[in-house]
Amino acid sequence: MRDFKHHQAAPDAPTRWMRLRVSLLGVVFVALLLGLFARAVNLQIHQRDKLAGMAKDQYQRELEIPARRGDIFDRRGTPLAQSVDVDSLWVDPSLLPDPKDAAKRLSKVLGVDQKELVERFMKGKRFVWAKRQVTQTEVQRVQALGLPGLGYAKEPRRFYPQRELAAHVIGLVGTDSHGLDGLELSFEDELSGDEARRASVRDAKGRKVLTHGVEDPLARQGASVTLTIDRHLQYVTEKALLKAVDDARGVAGMAVVLDPKTGEVLALANAPRFNPNAPQGVPADALRNRAVTDAFEPGSTMKAFVVARALDEGLVTPATTFDCEKGRMPIGRHVINDTHPSGVLDVRGVLQVSSNIGAAKVGQRLGRERLVETYQRFGFAERAGLGLPGEAKGVVPFPKAEISLATQSFGQGLTASPLQVTAAFAALGNGGVLMKPYLVSRVVDADGLVLLEHRPTEVRRVVSAKTARVVVELLESVVEKGGTAPRARMDAYRVSGKTGTAQKADPVARGYSDKRFSSFVGLVPAEAPRVVIGVFIDEPKTDVYGGLVAAPAFKEIAEAAMPHLAVPPSREVPAPAVAAAATPSPPPLVPEKSPVVAAIERLEAGAEGHGDEVVRVPNLSGHSGRAAVKEALTASLEPRLVGSGRVVSQSPAAGTLVDKGARITLELAGPLPSTTR
Amino acid sequence: MTVVLEARNRGGLPFSVILGEILPAALAVALLALVGIIHVTSRVLVVSQGYELSRLDAQSTELLRENDRLKLELATLKGPQKLESVARSQLGMVTPPPSQVFHVRK
């Protein structure tokens, strides 16, 4: 540049005025520059955060991405709980022409309280939930209203596709997808997943522009939980249990199916049931997982453990006999009674007829310390550790008094949950080794990483393998003729089990009430048990004995479980239908023949010579107890009276065809009071 | 530019000198312009890819939701209660008695 200037004509020498003007101009420019610099410092340093925030608000939005709750599966991968995004309806009340009218119309369509909606609309907020997690039908109805200012946001909702199936085990979640009960609560941390927040650029029209990529949806997916429950077994167990509770008119029922070799819980059922998809209005009582949370006095099922320990200690042998004192044994000022009075019985006989006196005498040989220790070794008075909330521990108090030693020997005066009783029986079916029952087999996160895995765990050996085998064999007599549960006998499989009919304590009267807790726990097949099934009926009314109310449900479950688990039959059964099955025939178009129809056919066939096997139950309603007994005996039925007064109900119902000699239960009540309320 | 240079060159300044003075500045300006164009183009591309990504993300989310809905429907239809009712009422099937169940031993 300098060279270039040298070639220019030399400028005139500036005058002093000119220099002054230039200097002044220079000062002005410097001042302006300083001013600009100061403003830049102010904007860039002092107001930096505030202005950056304002700018960010305009072009950036933070998106909240809700976590995807993990699924729950049964042992074969059938989904028991799934989450699906559904619409939640929100309203901008400022855009509603008439909020009160809109609230009225929306409340009709959505079934929400109109007053509550109006209150929400009047709060002056521009975002108000109208109803969360609405159905597709509700969405269509709302759209048909044509109201302005409505919007839909996607929210995950929990669904239980198997409805009531295993509902007590799985539990349920609230509107915010947080577990409230069952495994949903116990595994909340694993299932819930992580909520994500992602910054997204918005353009002038509010459209999302993902300039920083997208997040892997698996990153916010909760872990999946796989259970040991078998859906099919759970279904048949619940069906059989509901039928048993209905037939017995019981207050509640519980059933537990375990694999004795592994301790896996194959089914865990409770009655009454509930639908976790619509838990609103379900009484809290129906939500309780009684099989795990409730501890009862189990009754005679405990005799099996007392006998097992006595045999193991060499205190008795199967041939040892006990005088059962014709069903009445005084201990101090108390008397122990047997339902079926007996004379001298061996150990098999004690179990077969469920003699309280025989069990008490076995318990006396065992002694106090060993009795308590026996129960503790079988897992009583300690939580099984299934991982479900509110698991009962049960109580096995030390029997200080002689009468306590006797009653505890036949399962009264101590408490245990249905799960504990079934798990203890499983130990007998597993060669004397108690296994830890478990319900959750695996918890796997979205990346396939195994967070938790349960494997069969031995707790302890409770009796020797030989003793366990002997006890299982002795218990086979219970389902045979002369035992307390012939209704549990299966044609194709050997069954080994024990009935229980416990008196329930009356907390008010501080004694025992006339209410019962009836049960049957059995192993099948007895020669190599594959399942142990416990059925428990709380406060049965039509009949009270475990062999009558619980054993049929056991048999129904076992008959479904054996083919399902591909267990070969213990013995050959005559199969007259084989020939028919071998030849292909069109599927039957009529439902399975009901027992009543079968009985009628048998009655009709009886006209040719077998008519004396089946009788029709007479109507005994209104009869006095004496008259009813007389008429029942005349009809070749075995009457059983409950209460006193006149017959108010009978089971089986009048007109039912039953086998000759069948038991008929008659419920009696005194005459009604003459005054009315 | 040439006209200007020629006009200023009347004083006898050699053209090579002028070129030597101007060219670096011109190249610098051209380079800056190029960088600017590349920057703006890349920003436009990023934004347009952002829109595309956003569209695909929304599509993917919708497909996942549809998949979840279908899985749920399938699980509901395969529920044992439903299956049993269809098998009994529509297909006339019955539960086989134990004597009709055959076990195939290996």
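This is a predicted model: local features need pLDDT of at least 70, side-chain atom pairs count only at pLDDT 80 or more; totals for chains, interfaces and linings use all residues.

**Exercise 1**

Which residues does A:Glu297 touch, not counting residues up to four places away in sequence?

Residues are numbered from 1 along each chain as its sequence is written, chains are lettered from A and ligands numbered from 1 in the order in which they are written, and side-chain values use heavy atoms, with hydrogens and water left out.

*Solution.* 
- Step 1: locate the residue. A:Glu297 sits in the loop between helix H12 (290-293) and helix H13 (303-312) of chain A. Helices (H or I, at least four residues) and strands (E, at least two) are DSSP runs, numbered from the N terminus.
- Step 2: list the contacts (heavy atoms within 4.5 Å). A:Glu297 touches A:Gly411, A:Gln412, A:Gly413, A:Leu414, A:Thr415, A:Ala502, A:Gln503, A:Ala505, A:Tyr512 and A:Phe517.

**Exercise 2**

How far from A:Glu297 is the nearest side chain of opposite charge?

*Solution.* 
- Step 1: Buried means under 20% relative accessible area, exposed over 50%, and partly exposed in between (1.4 Å probe, protein chains only). A salt bridge needs a side-chain nitrogen of Lys or Arg within 4 Å of a carboxyl oxygen of Asp or Glu. For charge, Lys and Arg count as positive and Asp and Glu as negative, while His and the chain ends are not counted.
- Step 2: apply them. A:Glu297 is buried yet has no salt bridge, and A:Lys504, the nearest side chain of opposite charge, is 9.7 Å away.

**Exercise 3**

Which residue forms a salt bridge with A:Glu373 at 3.1 Å between the closest N and O atoms?

*Solution.* 
- Step 1: find the partner. That's A:Arg309, with the closest N and O atoms 3.1 Å apart.
- Step 2: A:Arg309 is buried, at 4% relative accessible area, whereas A:Glu373 is partly exposed at 32%.
- Step 3: A:Arg377 and A:Glu373 are 4 residues apart in helix H16 of chain A, so about one helical turn separates them.

**Exercise 4**

At what angle do helix H15 and helix H17 of chain A pack?

*Solution.* 
- Step 1: recall the description. Two packed helices are described by the angle between their axes and the distance between the axes. Axes are lines fitted to C-alpha atoms, for helices over the stretch in contact, and angles run from 0 to 180 degrees between N-to-C directions.
- Step 2: read off the geometry. Helix H15 (residues 356-366) and helix H17 (residues 402-409) of chain A pack at about 115°, with their axes 7 Å apart.
- Step 3: name the residues. The contact is made by A:Ala359, A:Ala360, A:Gly363 and A:Gln364 of H15(A) together with A:Glu402, A:Leu405, A:Ala406 and A:Ser409 of H17(A).

**Exercise 5**

*Solution.* 
- Step 1: the bond from A:Ala271 to A:Pro272 is cis, with omega near 5°. A:Pro272 is in the loop between strand S12 (265-271) and helix H11 (284-287) of chain A.
- Step 2: A:Val524 and A:Pro525 are joined by a cis peptide bond with omega about -10°. A:Pro525 is in the loop between strand S22 (511-524) and strand S23 (531-538) of chain A.

**Exercise 6**

Is A:Pro93 buried or exposed?

*Solution.* 
- Step 1: A:Pro93 counts as buried because its relative accessibility is 6%.
- Step 2: A:Pro93 and A:Phe127 are 34 residues apart in sequence and 7.5 Å apart in space, C-alpha to C-alpha.
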